[in-house]
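Please read them with the coordinates open.

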Amino acid sequence: MTSELASFAFPHRHLLGIEGLSPDDITALLDRSEVYIEQNRQANKTQSLLRGRTIMNLFFEPSTRTSTSFELAGKRLGADVITMPVQSSSVSKGETLIDTAMTLNAMHPDVLIVRHSESGAVQLLSEKVDCAVINAGDGMHEHPTQALLDALTIRLRKSRIQGLTVAICGDVAHSRVARSNIQLLNIMGARVRVVAPRTLLPAAIDRLGVEVFHDMKEGLKDVDIVMMLRLQLERMQGSFVPSLREYFHFFGLDYQKLEAAKPDALIMHPGPMNRGVEIDTEVADDINRSVIQQQVEMGVAVRMAVLEALGRTPRNIAPAR
Amino acid sequence: MTTRTLFTNARLLDPATGLDKKGELLSVDGMIAEIGEKLACQDAEIVDCGGHCLAPGLVDMRVQLREPGDEYQESMESGGQAAAAGGVTTMVALPNTDPVIDELALVEFIARRSRDVGLTRIRTYAAATKGLAGKNLTEMGLLAAHGAVGFTDGLVAVADAVVMRRALSYATNFDLLLIQHPEEPRLAAGGAATSGEIATRLGLPSITPVAEVMMIERDLRLVETTGARYHAAHVSTAAAIDAIRGAKARHLAVTCDTAPHYFALNETALGDYRTFAKVSPPLRSEDDRRAVVAGLADGTIDAIASDHAPQDQESKRLPYTSAGAGIVGLETMLTLALELYHAGHVKLLTVLGALSRRPAEILRLPAGKLEAGLPADLVIFDLDRPWKINVADFHSKCRNSPFDGRPVQGAVLRTVVAGRTIYAAS
């Protein structure tokens, strides 16, 4: 264990996004995560690496799976984990954000895990506290641990990331998962495509290093990985797509569209799924193709690696970022 | 008692006549009396300009002074000091105060406060529609008679085409000026950055740059049918500038301004969510920035206005989308505009004209020229002096400037209103 720890270098104070990470940083986190996959499958899942450390889960936006995943990850490393339900004030969310950050900071947490509905909010908060901050999703910006768990899932199943072709399909415009994945997959040498109707693609998305498709069969042709995104149902009101029926017809993943992909292509989804909207139920549950449940398992392992990387350094001697 | 002030040893710069030569200027009782190479005057106070530039004081046609209503952010007094330090001798306030400037009494209030403060002259626009609500016209004729220099809904567009057509049509009765915030509000709703790579990377809700030209093109049609005088505020996109260039070629009574941040910055200034770079309309692409510079160089863009928008810490220390928009610009407008000259993009007299002569002409104010009989509203500045912008030195109550630390060239030495020095650099 000691030698493994010594080799695990992660030269960052916070994890605010995938942007800014090097291939070595990512590889180190994924390598470390693999150790935890094994640990999590044992009867005794808990160790004492982070004993005495305090981790606060601060979710300004409702979330079950991500906050639970982080909570489990922290507990399995022996840390004290508190999940704070935060009611964001309707008057001034930001004031609450900074005030909350300062208040929590005074309680001396070692790691803050933060989700917020506004892009950049987690970074802003990280500037006001002196503990490590992990971005658990900020607006439409980044969700780095999701991209890491996706990468871990891919690496376990395909034993590599470099050279694979990955199609990210659906509501790219509003998706932090898509942005983090585009960054990570590019850093690790994969070929990335996005497939979506034009209303669900942000401007100049091609500048982020992706090939753009508006047709599922073309976009999925010979891909190794099909990554579906959740269509947030409130997008209906904004006329981004005319109906769920039409969306599923053209952009929902079913067996027919999947034929274009490689025969061993994996199907991924960050969850929670809208069955029959972006993904056909049978495809989602296909044990040969779908790795959606595995993604959830990888989530805990990856978050343990991230917490280890950022939580080991005691806060009072944390190097300046 | 007659007050005489003689400004000697000056490089006289007059954008109205193209004058650029060594000389002297005599002010008598607050008015420009004489301009010449060597003036004979016995009992005048002498101001030695040290060979530096003497030009008409700046006329800033777009500022927010937050008084009445939000004096904790800015006031006539603090805004007046900021303006004086920036070489501004006349500024025109937007009506988006609390209460909104849509009543005669409020227009008179501004005039009275301006006299009481006694620094930079403060004029005001009145709201084009009651309460800036975009529905019912204000008493434009009466408001103008009481001193409103133009009509605008400030930070929001007059979006309803029917209301805009009637406002323009009605304004022609009194030959009044309508100033539009040119942005299609539905396209701009909720947006925080111009659409493009930067907004996409940062995951910010974006505004298509087309929102600007769309509103201008609609308005130009209405201007064409009504014959009204129309001014587009803070133009920021190549397409909008092209549309105005075309309208001017068709001899429509159309003018426009831009703000220093639209030629001194582009969207990359957003960096990692730097809320000090959040403005409305948002900072644009480099192509648009270059188009703004070209528009200033060829005169399509008539004026440079600071778009001074004080925002306190609490409004800016927020996630980007929630943060308030705006930059405090009064104290940096001249030096940022001089970058255009120092970089060789725009002639010096054109830059100065955009800062004084043109806005004065558009607003029909007795300013912007070195001409006998006009008020002696002057700025003396060192064209070349290098310095670094430091927000801690600002006179404004707020510090929201993305230009903090920027090395610049050209500094205000003295600001004179009606022959009286209201600011002298230490």
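**Notes on the model**

1. Start with helix α10 of chain B. Its buried residues are Asp288(B), Ala291(B), Val292(B), Val293(B), Gly295(B) and Leu296(B). An α-helix has 3.6 residues a turn, so residues three or four places apart point the same way. Keep that in mind when viewing this set.

2. What covers these buried residues? The cover of α10(B) includes the helices α8 (238-249), α9, α12 (333-342) and α13, together with the strands β14 (254-258) and β15 (303-304), of chain B.

3. Next, the geometry of α10(B). The helix runs over residues 286-297 and has 12 residues. From first C-alpha to last it reaches 17 Å, close to the 16 Å expected at 1.5 Å a residue. Gly299(B) follows the helix, and its phi is positive, near 85°.

4. On confidence: this is a predicted model. The predictor gives the complex an ipTM of 0.91 and a pTM of 0.93. Chain B averages a pLDDT of 97, and 100% of its residues score at least 70.

5. Chain A averages a pLDDT of 91, with 92% of the residues at 70 or above. Over residues 317-321 of chain A, pLDDT is below 50; this stretch has 7 contacts in the model beyond near neighbours in sequence. Residues 1-6 of chain A also stay under 50, and the model has 8 contacts for them beyond four places in sequence.

6. Helix α13 of chain B spans residues 348-363 and contains Leu348(B). Is Leu348(B) buried or exposed? Leu348(B) counts as buried because its relative accessibility is 7%, and the cut-off for buried is under 20%. Not counting residues up to four places away in sequence, Leu348(B) touches Arg11(B), Leu13(B), Leu338(B), Tyr341(B) and Leu383(B). For scale, Gly80(B) is 268 residues from Leu348(B) along the chain, and their C-alpha atoms are separated by 26 Å.

7. How many cavities of 30 Å³ or more does a search of the whole structure find? The search finds 1. The largest cavity has a volume of about 30 Å³. Its lining consists of Pro260(B), His261(B), Ser306(B), Ile327(B), Val328(B), Gly329(B), Thr332(B), Leu336(B) and Phe403(B). By class, that lining has 5 nonpolar residues, 4 polar and no charged.

8. The second largest pocket holds about 510 Å³ of space. Its lining has 35 residues, and Leu155(B), Val156(B), His181(B), Glu183(B) and Ser280(B) lie nearest its centre. Two helices of chain B, α5 (185-188) and α9 (260-264), each supply at least two lining residues. The lining divides into 18 nonpolar, 10 polar and 7 charged residues.

9. Over to chain A. Helix α2 covers residues 23-40, 18 residues in all. From first C-alpha to last, α2(A) reaches 25 Å, close to the 26 Å expected at 1.5 Å a residue. Its buried residues include Asp25(A), Arg32(A), Gln39(A) and Asn40(A), as well as Ile26(A), Leu29(A), Leu30(A) and Ile37(A).

10. Last, Ala178(A), found in helix α7 (residues 176-187) of chain A. Ala178(A) counts as buried because its relative accessibility is 0%. Leaving aside neighbours within four places in sequence, Ala178(A) is in contact with Ile168(A), Val172(A) and Leu229(A). Leu124(A) lies 54 residues from Ala178(A) in sequence and 22 Å from it in space, C-alpha to C-alpha.

Key
Residues numbered from 1 in each chain as written. Chains lettered and ligands numbered in written order. Predicted model: local features only at pLDDT ≥ 70, side-chain atom pairs only at ≥ 80, totals over all residues. Heavy atoms only, no water. 1 Å grid on protein atoms, 1.4 Å probe; cavity = no way out; pocket = protein on both sides within 12 Å on 5 of 7 lines; lining within 4 Å. Points joined across faces, edges and corners; volume = space filled by probe spheres on them. Nonpolar A, V, L, I, M, F, W, Y, C, P; charged D, E, K, R; others polar. Helix = DSSP H or I, 4+ residues; strand = E, 2+ residues; numbered from the N terminus. Buried < 20%, exposed > 50% of the residue type's maximum accessible area, 1.4 Å probe, protein only. Contact = heavy atoms within 4.5 Å. pLDDT = per-residue confidence, 0-100. Expected span 1.5 Å × (residues − 1).
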